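Welcome, and please take a moment to look over the structure shown here. The report below will walk you through it step by step.

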Amino acid sequence: MANSFGKRGAAVAAPSPARLAAPEPIEVAAADRPISRIPVSTLLILVLLTGVYAWEVHVAGYTVSPRALVALGGIDGNHLFRDHEWWRLFTAPLLHLNAEHIIGNGVCLLITGILLEPLVGRGWFAGLFALGGVAGGLASALYNPPDIVSAGASGAIMAQLMAAFVVSFNDEVPAKVQRALRRRFTIIALPSLLPALTVSVDHVDYSAHAGGALAGAMAAMILRIFWTDGAPQPEHQGAGLGLTGVALALSCFALLQTSQPAMLPGLIPESAMPDGNEAAVAQSGELVARYGRDPRAHYFRAIYYLKREDLPDAEDQLRTALDGARKMADAMPEQFELSVRLTLAIVLTAKGQQSEAARVMRPACDFAKANARDEKGLTYLQGQGICL
């Protein structure tokens with residue numbers, strides 16, 4: 001039995017490794033290959049949008065007025081085409097009007113990113129956002145009235161949603177994911193493109209939505225060219241486009257900070273503005289101390305001194321307010337500079353400085369005659385030979 005066992009053992013001994021046949025390669029399906037499911041670009045974009053909105057709140061309050069939005073980098077036809085401020089194409093997509101606006105866009109971005117980013121990759125996802133933001137801003141400025149200010153990431157998100165819809169027809173995308181992408185498009189994108197399907201059309205920039213969607217569709221067609229058969233994601237990730245967009249936006253914000261005093265922290269937030277002129281005058285000392293860069297604080301303080309017949313201090317405050325009003329025209333109410341000039345001219349005439357009062361009012365006389373709310377003040381100046 002021992003010999004029999006030994007021979008049997010020899011007979012079934014494994015062949016040497018050198019004589020083994022090479023195993024057939026096993027191909028892993030594209031859908032089964034490991035892909036990071038954490039939407040890193042989506043989360044970073046959300047952080048960026050939140051940071052910019054926190055800065056908006058610091059400068060202008062939780063609800064940003066149209067004039068403040070222009071000063072912060074919002075886009076409209078006048079500033080883009082008339083004044084050639086092309087940098088607004090990169091700042092406007094990162095701005096939002098209020099908390100509801102940024103929360104709504106943030107939720108849509110997150111819903112889209114969770115599904116689309118792992119599919120196309122972090123670079124392409126960020127690139128689609130940057131491209132859609134610029135295209136949406138350009139379409140808004142082209143098709144809206146030139147004085148309508150627009151801002152927000154909806155154009156950028158529409159580009160991603162439209163790209164998701166186009167990509168859903170790619171054979172490399174699993175059927176389950178294809179259906180999910182089309183559902184996202186139907187639920188989120190269609191109501192944003194068709195006003196008739198929405199409950200309200202107030203404050204919705206459909207031009208920006210359409211511009212972003214068109215850019216997203218075109219980008220997705222190009223993206224499919226880089227999607228080789230069997231690849232889990234498109235090749236040649238578009239990270240450079242996304243990073244360039246972010247760098248340009250941040251550079252434009254930095255330039256705006258240094259070139260326009262209206263962008264510097266120090267303006268009175270809407271939430272801190274006193275209720276009515278009487279309250280503003282009563283609180284003018286505190287307003288000047290806390291918001292010294294805001295010309296409105298100095299104007300209220302001037303009225304405070306006028307009520308006490310302190311003409312020299314009133315003149316000083318009004319001159320400070322006038323200087324700020326000229327520099328911050330985009331951020332101030334429409335007739336603010338006129339009110340400052342009118343009040344300063346009245347103070348100067350009371351001090352016997354008619355020629356100086358005429359110089360102060362000269363740039364605003366025609367506008368004052370057509371739009372001045374203080375007809376009594378204008379009548380007084382005309383009686384002094386000013387603005388005849």
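Predicted model: local features only at pLDDT ≥ 70, side-chain atom pairs only at ≥ 80, totals over all residues.

Residues are numbered from 1 along each chain as its sequence is written, and side-chain values use heavy atoms, with hydrogens and water left out.

The score pLDDT is the predictor's confidence in each residue, from 0 to 100. For the protein chain the average is 79, and 79% of the residues score at least 70.

## The overall make-up

The protein chain has 19 helices and 0 strands. Both are DSSP runs numbered from the N terminus: helices are H or I with at least four residues, and strands are E with at least two.

Of the 388 residues of the chain, 46% count as buried. Here buried means under 20% relative accessible area, exposed means over 50%, and partly exposed lies in between (1.4 Å probe, protein chains only). Among contacts with a separation of 6 or more, 71% join residues 24 or more positions apart.

## The nonpolar cores

In soluble globular proteins, nonpolar side chains tend to be buried together. A nonpolar core is a set of buried Ala, Val, Leu, Ile, Met, Phe, Trp, Tyr and Cys residues joined through side-chain atoms within 4.5 Å. The largest one in this model has 87 residues, of which L49, L95, L109, F129, Y299 and M361 touch the most other members. A second, separate core of 5 residues includes L80, L89, A92 and A141.

Beyond four places in sequence, L109 is in contact with T42, I45, L46, L49, F125, F129, I157 and Q160. F129 sits in helix α7 (residues 122-143) and counts as buried at 8% relative accessibility. Its contacts, again leaving aside residues up to four places away, include I45, L49, L94 and A153. F129 and Q160 are 31 residues apart along the chain, with their C-alpha atoms separated by 6.5 Å.

## Rings and charges

The whole structure holds 6 aromatic pairs. Rings of Phe, Tyr and Trp (its six-membered ring) pair if their centres lie within 6.5 Å; planes under 30 degrees apart count as stacked, over 60 as edge-to-face and the rest as tilted. F165 and F169 form an edge-to-face pair, 5.3 Å centre to centre with 85° between the planes. Both are partly exposed, F165 at 26% relative accessibility and F169 at 43%. Ring pairs link F165, F169 and F185 into a cluster.

Another edge-to-face pair is Y299 with F336, at 5.8 Å centre to centre and 75° between the planes. Y299 lies in helix α14 and F336 in helix α16 (residues 336-350), so this pair ties together parts that are 37 residues apart in sequence. Y299 is buried at 16%, and F336 is buried at 9%.

A charge sits over a ring if NZ of Lys or CZ of Arg is within 6 Å of the ring centre and within 35 degrees of the ring normal. R182 lies over the face of F169, at 4.3 Å from the ring centre, and the charged end of R301 sits over the ring of Y304, 4.0 Å from its centre.

## A closer look at helix α14

In helix α14, 10 of the 13 residues are buried, so the helix is largely enclosed by the rest of the structure. Its buried residues include P295, R296, H298 and Y305. What covers them includes α12 (277-282), α13 (284-290), α15 (311-327) and α16.

R296 counts as buried at 10% relative accessibility. Not counting residues up to four places away in sequence, R296 touches I268, M273, M332, P333 and F336. After α14 comes E309, whose phi is positive, near 60°.

Key:
Contact = heavy atoms within 4.5 Å.
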